[in-house]
Amino acid sequence: MDLLTASLSSPWSLVLMSLLVVGDAFFVVVPGEVAVTALGAIAVTTGSPPLWAVVLCAAVAATVGDACCYLIGRSVGTQRWRWMRVPRVQQALAWARRRLDGGMATVLFTARFVPFARLAINLVAGASRIPPPRYLALVALAATGWALYQAAVGAAVAAILPGGPLVGVPVSIVLAIGLGALIDVCVRHRRG
């Protein structure tokens, strides 16, 4: 238990979390959200890393990951690779184009919480040549809101439940996954 707590509260945990969050921008199976939630719980139960550092690193990493997807969309478009031309992916990209046309700020904030939508929105934003300063400002705000939310879930659960990180981390992760699934259901229902 002490080894686990020491590992999760080391400065390297912020680096690992940041790498997972950047990777999560491209590969939805990478547990970026889980890492932020877990470190939010660790921050409250052990005091290290500080909660503000968890939020800051997660926000910067999420912004970098989304900006990389934007740059891919801007440089290669949305038709170059075979996987981009698959009907299901083309449907997602068409959905992203419609959403961006309807209100870029709203869709960037909403898509931050929905993994496949986030990838599609960022690729299409780049391919659509949305001006980088406007895009980056909105993505940074969305990433900060997302980081605050993810870390707050972990911090709140850890503060409420007794048992330290051994209880706080797994419960906060389950809660974050459940909230994410609920958001996915609501988004699908709204689209349907």
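Which side chains meet in a salt bridge of 3.3 Å, N to O? Select D66 and R112, whose side chains form that salt bridge. The term denotes a side-chain nitrogen of Lys or Arg within 4 Å of a carboxyl oxygen of Asp or Glu. D66 lies in helix α4 and R112 in the loop between α6 (104-111) and α7, so the pair ties together parts that are 46 residues apart in sequence. Helices here are DSSP runs (H or I, at least four residues), as strands are (E, at least two), and both are numbered from the N terminus.

**Conventions and overall view**

This is a predicted model, in which local features need pLDDT of at least 70, side-chain atom pairs count only at pLDDT 80 or more, and totals for chains, interfaces and linings use all residues. Residues are numbered from 1 along each chain as its sequence is written, and side-chain values use heavy atoms, with hydrogens and water left out.

Colour the protein by pLDDT, the predictor's confidence in each residue, from 0 to 100. The protein averages 81, and 84% of the residues score at least 70. Helix α1 (residues 2-8) has the lowest confidence, with a mean of 58, while helix α4 (residues 51-76) has the highest, at 94. Where pLDDT is low, the predicted coordinates should not be read in detail.

Now switch to a cartoon view. The protein has 9 helices and 0 strands. Of its 192 residues, 43% are buried; buried means under 20% relative accessible area, exposed over 50%, and partly exposed in between (1.4 Å probe, protein chains only).

**The salt-bridge network**

The whole structure contains 4 salt bridges. Side chains of opposite charge can pair when their charged atoms come close.

The relative accessibility of D66 is 3%, and that of R118 is 2%. R112 is likewise buried, with a relative accessible area of 2%.

The charged end of R112 sits over the ring of W146, 4.5 Å from its centre. The criterion is that NZ of Lys or CZ of Arg is within 6 Å of the ring centre and within 35 degrees of the ring normal.

**Aromatic pairs**

The structure holds 2 aromatic pairs. Rings of Phe, Tyr and Trp (its six-membered ring) pair if their centres lie within 6.5 Å; planes under 30 degrees apart count as stacked, over 60 as edge-to-face and the rest as tilted.

Select F26 and F27, which form a tilted pair with 6.4 Å centre to centre and 50° between the planes. F26 is partly exposed, at 27% relative accessible area, whereas F27 counts as exposed, at 52%.

Then select Y70 and Y135, a stacked pair with 4.2 Å centre to centre and 15° between the planes. Y70 lies in helix α4 and Y135 in helix α8 (residues 132-160), so the pair ties together parts that are 65 residues apart in sequence. Y70 is buried at 4% relative accessibility, and Y135 is buried at 0%.

**Along helix α4**

Stay on helix α4 and select A67, which is buried at 15% relative accessibility. A67 and L123 are 56 residues apart in sequence and 9.3 Å apart in space, C-alpha to C-alpha.

Finally, select W52, L56, V60 and V64 and show the surface. Together they form a nonpolar surface patch with about 420 Å² of accessible area. Patches are made of residues with over 30% relative accessible area and no salt bridge, where like charges are joined within 9 Å and nonpolar side chains (Val, Leu, Ile, Met, Phe, Trp, Tyr) within 5 Å. The areas come from the Shrake-Rupley method with a 1.4 Å probe; for residues, only the protein chains shown count as cover. V60 is found in helix α4 and is partly exposed, at 46% relative accessibility.
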